[in-house]
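Here is a walk through one structure, taken a piece at a time. The sequence and the model come first, and the explanation follows.

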Amino acid sequence: MLRYVYADELHKFPKLAEGMFRDRADQFKTRLGWDVHVNSKGEERDQYDALNPLYVIWEEPDGSHGGSMRVLPTTGPVMVNEVFGHLTGGSPIRSPLIWEVTRFCLSRTAHPHTAGAIMLSGGEIMEGFGLTHIAGVFDARMIRIYRLIGSSPVVLGSEGAGRDQISVGLWPYSADDCNRVAERAGIPRELSRLWFKTAFGSAARHRFALTA
């Protein structure tokens, strides 16, 4: 199932939290060779994890971490502006209607549907909170994955070549995209909406929106 958990609530889900940060270290440091910091516990964390982001986590039937991503509003510090702003022509992406997703991570044992389930959560977030777009930074390998999932971004800018290419993109909200991603992931929209409403209630009041 999909869980929506703020950083200050992760202590309620210790197994999920530990698995997420360890799998991030495995994916970004070990497998991809990125220049990221891994702490003594084998966890990958950065300064954006200290901003009380929202995490979307796919929880496996045994309670373990299958995949996840991190969500922050672009009205505050975000990677697309502070680290990759040069890829958008120097014009920051800053709007209460656009949130950033980063650290899209899959465990080594993730099922094929997990990536689609996490992408589906992006659609639920946009629909539930009335957003127009999701912004994100992604590497070249993700382009094929997005196509298979059924939701590809509008690329704003890129650097590098081949497997080393890094891009910034925007995903506009689309009900059709949400339904297509849900179908390919094998998750009924009714179930996906239930997971979202369980986390936030039918009236999606959101602390990001309240402080933006």
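The model shown is a predicted one. A search of the whole structure for disulfides finds 0 of them. A residue is called buried when its relative accessible area is under 20%. C105 has a relative accessible area of 0%, so C105 is buried. C178 has a value of 5% and is therefore buried as well.

Which strand does β1 pair with? The partner is strand β2, made of residues 54-59. The two run in the antiparallel sense and are joined over 5 bridges. Within this pairing, L2 stands opposite W58 of β2.

Helix α3 spans residues 114-129, and helix α6 spans residues 189-200. Their axes come within 10 Å of each other and cross at roughly 60 degrees. Because of that angle, α3 counts as oblique to α6. Angles of 65 to 115 degrees would count as roughly perpendicular, and those under 35 degrees as roughly parallel. The crossing of the two helices is right-handed.

Which residues make the contact between α3 and α6? On the α3 side they are L120, E124, I125, E127, G128 and F129. On the α6 side they are R189, S192, R193, F196 and F200.

Key. Residues are numbered from 1 along each chain as its sequence is written. This is a predicted model: local features need pLDDT of at least 70, side-chain atom pairs count only at pLDDT 80 or more; totals for chains, interfaces and linings use all residues. Side-chain values use heavy atoms; hydrogens and water are left out. A disulfide is a pair of cysteine sulfur atoms within 2.5 Å. Buried means under 20% relative accessible area, exposed over 50%, partly exposed in between (1.4 Å probe, protein chains only). Two strands pair if DSSP finds at least two bridges between them. Helices (H or I, at least four residues) and strands (E, at least two) are DSSP runs, numbered from the N terminus. Axes are lines fitted to C-alpha atoms, for helices over the stretch in contact, and angles run from 0 to 180 degrees between N-to-C directions. Angles under 35 degrees count as roughly parallel, over 145 as roughly antiparallel, 65 to 115 as roughly perpendicular and the rest as oblique. A crossing is left-handed if the near helix is turned anticlockwise from the far one by less than a right angle, and right-handed if clockwise. Contact means heavy atoms within 4.5 Å.
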